[in-house]
Amino acid sequence: MTTETNSVLNSVKEAFAPVTEAFTKLQNLEVPEAAREFVKKQAETAKTRAADAYAGSEKVTAVIESAVAGSVTEAAKVSRNVQQAIYQDAEAFFNGIEKLASAKSFSEAAQIQSEMVRARGELFVSRAKATTEYLGKLVSDGAKTAQENFAKVYGKTA
């Protein structure tokens with residue numbers, strides 16, 4: 001190396017000498033016992049809180065799974081009932097056509113038609129009543145389930 005390069009290198013060493021000295025002293029610095037204990041306690045508290053958060057998230061997930069499973073079951077039940085109603089309506093329609101075709105006079109056809117309309121009206125009222133009762137039960141059960149799930153999730157903290 002040249003003298004000039006050595007001179008620049010020595011200047012840099014001298015400029016960083018206080019930083020190097022501070023770093024050397026920092027490596028040998030002892031941390032007080034109280035500080036170490038404080039950090040240990042904080043770490044333990046953080047672990048406990050993380051475990052509690054995880055347990056809470058597991059409860060929330062279980063509640064969501066339960067609610068979704070219940071919703072899927074109810075949706076399938078509604079779908080089956082709608083399919084059954086469509087089939088019953090089609091069956092009643094074709095039975096009515098057969099009865100009308102067997103009428104020997106216009107007055108008999110009018111009477112058959114009148115009976116069919118009355119039967120369809122009664123069926124409509126019956127379905128409306130059943131639907132209202134079902135929806136009322138569904139809302140009531142849903143509210144009850146929501147309250148129970150809320151208690152499961154937040155009962156510990158409340």
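In the classes used here, Ala, Val, Leu, Ile, Met, Phe, Trp, Tyr, Cys and Pro count as nonpolar, Asp, Glu, Lys and Arg as charged, and the others, Gly among them, as polar. The structure described with these classes is a predicted model.

The secondary structure of the protein consists of 4 helices and 0 strands. In sequence order, the pattern reads α-α-α-α. The C-alpha trace extends over about 130 × 50 × 15 Å along its principal axes. The radius of gyration is 41 Å, whereas a compact globule of 158 residues would have a value near 15 Å. Of the 158 residues in the protein, 4% are buried.

Helix 3 covers residues 33–101 and helix 4 covers residues 106–154. The axes of these two helices come within 12 Å of each other and cross at roughly 175 degrees. Angles over 145 degrees count as roughly antiparallel; helix 3 and helix 4 are therefore roughly antiparallel to each other. The contact of helix 3 with helix 4 contains 13 nonpolar, 4 polar and 8 charged residues.

Pockets were also examined. Rolling a probe the size of a water molecule over the atoms shows where empty space is left. The largest pocket has a volume of about 340 Å³. Its lining is made up of 13 residues, and Asn81, Val82, Arg127, Ala130 and Thr131 lie nearest the centre of this pocket. Helix 3 and helix 4 each supply at least two residues of the lining, and helix 3 gives the most, with 7 residues. Sorted by class, the lining of the largest pocket has 7 nonpolar, 4 polar and 2 charged residues.

The second largest pocket has a volume of about 260 Å³. It is lined by 14 residues, of which Glu74, Leu138, Asp141, Gly142 and Thr145 are the closest to its centre. Here too, at least two lining residues come from each of helix 3 and helix 4. For the second largest pocket, helix 4 gives the most to the lining, with 8 residues. The classes in this lining are 4 nonpolar, 6 polar and 4 charged residues.

Taken together, helix 3 and helix 4 run roughly antiparallel and both contribute to the lining of the largest pocket and to that of the second largest pocket. The main contributor is helix 3 in the largest pocket and helix 4 in the second largest pocket.

Conventions: Residues are numbered from 1 along each chain as its sequence is written. This is a predicted model: local features need pLDDT of at least 70, side-chain atom pairs count only at pLDDT 80 or more; totals for chains, interfaces and linings use all residues. Side-chain values use heavy atoms; hydrogens and water are left out. Axes are lines fitted to C-alpha atoms, for helices over the stretch in contact, and angles run from 0 to 180 degrees between N-to-C directions. Angles under 35 degrees count as roughly parallel, over 145 as roughly antiparallel, 65 to 115 as roughly perpendicular and the rest as oblique. On a 1 Å grid over the protein atoms alone, a cavity is a set of points where a 1.4 Å probe fits but cannot get out, and a pocket is an open set with protein on both sides within 12 Å along at least five of seven lines; lining residues have an atom within 4 Å of a point. Grid points are joined across faces, edges and corners, and a volume is the space filled by probe spheres set on the points. The radius of gyration is taken over C-alpha atoms; the globule rule is 2.2 Å times the number of residues to the power 0.38. Buried means under 20% relative accessible area, exposed over 50%, partly exposed in between (1.4 Å probe, protein chains only).
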